[in-house]
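Please keep the model open while reading.

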Amino acid sequence: MSECILKVENLWKNFGGLMAVSGYSLELPRGAIYGLIGPNGAGKTTVFNLISGVLKPSRGRIVFKGRDITHLRPDEITALGLTRTFQNLRLFPSLTVEENLKVAAHVHARCGFFSTLFCAPSFFREEKAIERKAREMLERFGLYEFRKEIAANLPYGLQRKLDIARALMTGPELVLLDEPSAGMNTKEADDLARLVAELQRDFHLTMIIVEHRMSFVMGLAEVIQVLDYGSVIAVGTPEEIRQNPKVIEAYLGTGDLVA
Amino acid sequence: MKRLALLGVAVLFFGLVWTACAAEPIKVGVVMGLTGPWASIDTPALNGVKLAAEEINKAGGVLGRPIELKVVDTKADEGETVAAVIRLIENEKVSALIGYCDTHWVNIAAPLAREYGVPFITPGATHPRIPERTGAWLACFGDNAQAAAIAEYAVKDLGLKRGAIWVDTAVDFSVAVCAYFADALKHYGGEVVYEDYFEITWTDFSSMVARLKEYQDQGRVDFVYVGAIPDNCGVIVKQIRDGGVTIPIFGEDGFDTPLLVQTGGAAAEGVVFATHMSLEDPSPIIQKFKSDYQAMFGNPPENAFAALGYDAMKLLARAIEIVGTDDPKKIPEGLAQIKDFQGVSGTISYEAGSQVPNKSVAVIEVKNGKFVTVKQIAPEYLPDPKIAK
Amino acid sequence: MFSLSYFLQQSMNGIILGCIYALLALGMTVVYGILRLINFAHGALITLGAFFMYFVFFRLGLPFVAALFLVLGFGGVMGLVLDLVAYRKLRGGPEVALLITSLGFYTFIENFTKLIVSPQPYAFKTPEFLATLYRTPYLTFRTVDVFIILSSLLIMLAFHFFVKRTKLGIAMRATAENLEVANLMGIEVNRVISVAFVLGSAIAAFTGFLWGAKYGQISYDMGFLTGVKAFVAVVVGGVGSIPGAMLGGFVLGLAEILSIAFLPTRFAEYRDGIVFAILVLVLLIRPSGIMGIREEVRV
Amino acid sequence: MGQVISLLKVEKVTVKYGVIPAIQELELEVERGQIVALLGANGAGKTTTLKTIMGVLRPARGRIFYDGKDITFLPAPQRVRLGVALVPEGRGIFNRLTVRENLLLGAYHRKDQGGILQDLEEVYRLFPRLKERENQIAGTLSGGEQQMLAIGRGLMSRPRLMLLDEPSLGLAPLVVRELYTLIRRIRESGVTILLVEQSAPMAIGIADYVYVLETGVVKIAGTPREVESLEEVKKVYLGG
Amino acid sequence: MKRRIPQELWFVIGGLVLFGALFVAEKTLNRYLLHILILMGIYSIATVSLNLTNGYTGLFSLGHAAFMAIGAYTSTLLTFPVPLREAYDLPRLPWFLGGPDAAWSFFPALLAGGVLASCAALLIGAPVLRLRGHYLSVASLGFMVIVVTFAKTLKGITRGPMGISAIPLYTNVYWTFLWLFITMYVVWRIVNSRFGRALMALREDETAAQVLGIYPMKYKLFAFVVGAFFAGVAGGLYAHLTKAIRPFEFSFTLTFQIVVMLIVGCMGTMSGPVVGAVLLLALRYALKPLEEHLKLYGLIELIYALLLIVVMLWKPEGLVGRKRVSVRGHQERKEEGEWARFSTPR
């Protein structure tokens, strides 16, 4: 059994009086892909927000690589190697594709303000490295020809890819993908699934994927958690989940209510 | 974008050409705040300057050359002031500058002029430390004189000893005149009960009025001395009376503005202030000035600053005549030699080393909406200029 | 040292100043609530209103009530013009453009007044029937002071009633909360915004008259600092909240007056400083203002 | 005339966000007095469809007919006047206004005071809990009450066509059941309803006709009987 | 969009050309034109530095005049000639600043002004920068008024509201444009390094930037402090050009003027702020003779305001702008919408 890279213990979060997440727990082994699904408003994105530090939990503990990150800021968490993408695509719209990627290389840049100012050799070295890394990423995601394009002008599918590429630029060990295939057509989604699988292998990533497109997440994930009303109602392999009556009910409701 | 830039350049160029015409006459630069809080005294002063220049030109000019005025409105803005002075000296090549009836603006403009070696005469800026700080020449008395005159009048003539002082902390001359007044009042055996502070930008003085009323009701003060600029004096007087304060109000030459009666209305009745001269004086020189002014501008002189502007211009002309050249470097020598110059605003002589003339002060009271001279005072005690900031 | 009458007198002074701020803040808060526009031009409307009143009442000699209604109408029309000429076109554009445009309008109106009317202040007589001075043991005041307080209260109440009870007022609040859904309800959002401008501007013009009647002098530049302070009142009270704007106005007015009244005199120069210090403090402690609704929480 | 014109007809409508089409060549028809359900997973384009019908979004191509009239380019407030009402997703009630004010806003375009008050009473009769909370600030209502308020507000415009966007979102099953009973009652009072839902069986159970969307395209369309074999719907939702 | 090597070369060439032109200008133009030229330079420094916060970082600060005030007063007090100090009732320097008989020379005084302005930025930045959108603007405006108030009330040091005049004239074209060059160089360096990318990322989407490892507070503060430094320098240059300063000068008018120049030019670009400053000043001084000729005082401001409105209606993103720079991103609006959905029950 591989080591547990992320451990979430009994996470609670309420907004005003509304319980968005109640008692969510997770033990994520290194190198795994987990899926997180559930109907609209089930609290999936909130879980991501909590893990990535964008929101602070009302209760509970999050341990990443043996370190308690519950009270760290998102940027500190990112520096430790945990990053995420966004459901509603949060690219930097008026920066170019390349700049979007370079921003993300920030975590590992060490060059200080004054060496930047006076063009110290270390600055150029670092810029070169960032450039190289960005280029690598651009090529990998098939974005190279668009590198000078303003991110907002990119076709939607590519914007999705850029979002993932940008997350990878931070050099993460654990990536939270929030609906990576949203808004794509079936073919694009299939391509993306392949790409994600490849990336996971090549970069030795661990992943949690929130998805609505079942074919996407079921194809990728080893284990799937199903969230409804803020708590986990089922955990299991894709096949188990597909058969689980609770899940079906959560998604489709029970037809007998009205009839 | 490019077209716009081009347009800008064209407009700039056009503007420069416009300003750069040269001619034969003696050029005199006039900088005034024709818009802004000092407009009601700077405008008459400018008119006075214009009247004097017109008279001189009609009489054949100075040294046979006409006088040409270059007037700039500096809008009570420091940046505009500096730019205007530089422009007048650099572009217009003026021989001398006349400007402002308030110390602050002289303090900005005159040091620049000094740097260029161009003399600066102020018609109405009264801070006695102006020469020390800026090298400018005054056509008017110093604040210490007008403050002492009112203190003398209050204590000796009216027997009022306990005074409150309202200081506009944002205005150089108000701070100065109030300091001199406090000094002179003590000298004459009076007492400053308290000082209250305000700023030029205020319109609401209700809290200060309430405080004054409290002192009045407790019988602790006899009068209030207000160091206000023209735009504020009417408002202040009105609010003081509206607030139920009945003790006498004294003021300085900033009160010498039509706004005092216009805004103050009935409240302005009985207000006593010091100024440079009395326009009702029957002396022929003053009456002639009044009728000439009326003829040229369609209305009688608004206040003493008109006369001061007139005198400043005449002083300058006299100085140029004395030295026989309009070389800016020489003009101060001429000014220094002026003795017993009969101006509209009084007799002006610069004593050795001084650039502040020794003049008498007119004490004026508002009666039935008219400015009535109650006394002409040559103060027997002059507070030391150094006590004011 | 301070007597009761002194305290009462100063409080009244504070309340009167507060009335003026509050009336201006009223119009600003409604517009800000909907458009997120700090409408600097609002301050210019008190200048315009004051000068307009001067001309129709003193120069043309119209009866007071007629003049008053003319001023209100004039203010409203000016507000409508501003909205139609520029603000409407800029909706949906960058917010700074809106802000700068309003600043441009302020500058324009100020200098227009300066050029057309006068660079010098105008004396503004208090109308005869408002000028009577009353002395009581505790308070000294004129009719105009009572008039200011009463008319302000009346306007605030009327405005409150308008916003709370009338269809248009409810629509206005709805638009401020959620423009898109308001549109779905069949509300012509643009018309509601215009109404907000008209009402706010009419009140501002009326405030200009109050200002003139109280202080006796009006000038082309009287609106700027007053306008800015009114916006401070809006923020202090809570953006978009109408009672908040009034409260903010009174807080500022009282703070200004009472700080001068009860601090040693040399602190008078802190007058504006205190106003803005209150602003910064409120923003740091309670960013949504005293009565504002918290909207800063992010997900 | 012969053929009866349907109340709403959406003809080959394509809507784009920037360059990305959210719905493509969508065809949809709603007959008078029916409840039509529009189903689909997240991102399928359901809300976009409703917003386009309401006039909040402009179609890039295609036409929308309401009562035989082309309303493709009519602004939203005018559509309200024609009798279209949208109960938006997430309810979109005005949190700072009272319940009563919210309801009155629904009748904003109407001039008949008496009729409005009558309808208000009608809504209160339909949702007695709103009557209890008449003067309460809407933001303080529970989720179910807010949904009722949103629907009540929609009714206040006296609509002929009501668009309901995920009314069951975030509500407890019991409340949802109550809600559906109400929806049925509303239909009985003569209002045509286009219902967008995730919860398929419930919607199918109530609907006269069903459309299932996937990535902006109609995948399945038919009467409830025809789509009754839930398997296909399930596929759309849970993937093959 | 930007290529590094050519741009650096361009910068060097531009600098050389600039100083060549300055040399020619200094020799041929009269002092009035030079004065205007210098003013353009100083305002450009102010707008370029303001651009760092308002344009690149998306923090719409209205407090820039305060930093200029701090710089102006600091450098003035340090350089004020000893013999004149008495006439102006200004204190002499304490021992740690060189003793009573010392007056600093220009360059270190400017630096000191900049540094002090930066310190002020650091001090107030921490609380104020937590605010967003208009709240931040208004708070920074409040900060400006508070600084002006201090300048008014610390009479022993600043001579209070009366201000200081007879400040030695040190500012010339070389100093000004050297500083403008430095300012632009620094801003350009920042913009094309990880710092600038971080700032722009914060402008576009703060949350996204944060999960990519950028600590917002640190970089906002960074932009604020660097901007304040150059504002302080600009203030010092200004004081030593006009030879007179007083607290009111560094108030609403100045702050708005700089902001207007920046926006008219275009926020978030290198050339925008300079274009804005130069154009608007050129317009002002070009119209001056017209105004005097017609005796319509106030005409300049009138035309100025009209142009402003026209530019905003016609090209709200600024004259040199092509794309829209969102100050309050739509993202933020979206978030508020989302929150509205959650904030319901109590």
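In chain A, take the contacts (heavy atoms within 4.5 Å) between residues at least 6 apart in sequence: 67% of them join residues at least 24 apart. For chain D the corresponding share is 66%.

This is a predicted model, in which local features need pLDDT of at least 70 and side-chain atom pairs count only at pLDDT 80 or more, while totals for chains, interfaces and linings use all residues. Residues are numbered from 1 along each chain as its sequence is written, chains are lettered from A and ligands numbered from 1 in the order in which they are written, and side-chain values use heavy atoms, without hydrogens and water.

**Chains A and D**

Chain A has 10 helices and 10 strands. Its radius of gyration is 19 Å, close to the 18 Å that the globule rule gives for 259 residues, so chain A is as compact as a globular protein of that length. Chain D has 9 helices and 10 strands. Its radius of gyration is 17 Å, close to the 18 Å of the globule rule for 240 residues, so chain D is also as compact as a globular protein of that length. Helices (H or I, at least four residues) and strands (E, at least two) are DSSP runs, numbered from the N terminus. The radius is taken over C-alpha atoms, and the rule is 2.2 Å times the number of residues to the power 0.38.

| Chain | C-alpha span | Accessible surface | Carbon and sulfur share |
|---|---|---|---|
| Chain A | about 70 × 40 × 40 Å | about 9,900 Å² | 52% |
| Chain D | about 50 × 40 × 40 Å | about 9,500 Å² | 51% |

Buried residues (under 20% relative accessible area, 1.4 Å probe, protein chains only) make up 58% of chain A. In chain D they make up 58% of the 240 residues.

Chain A and chain B do not touch. Their nearest C-alpha atoms are 22 Å apart. No contact joins chain B and chain D either, and their closest C-alpha atoms lie 28 Å apart.

**Helix α6 of chain B**

How many residues of α6(B) are buried? The count is 13 of 15, and the helix is mostly covered. Helix α6 of chain B covers residues 143-157. At 1.5 Å a residue (times one less than the number of residues), its 15 residues should span 21 Å; the end C-alpha atoms are 20 Å apart, which agrees. B:Gly159 follows α6(B), with a positive phi near 70 degrees.

Key
Buried means under 20% relative accessible area, exposed over 50%, partly exposed in between (1.4 Å probe, protein chains only). Accessible areas come from the Shrake-Rupley method with a 1.4 Å probe; for residues, only the protein chains shown count as cover.
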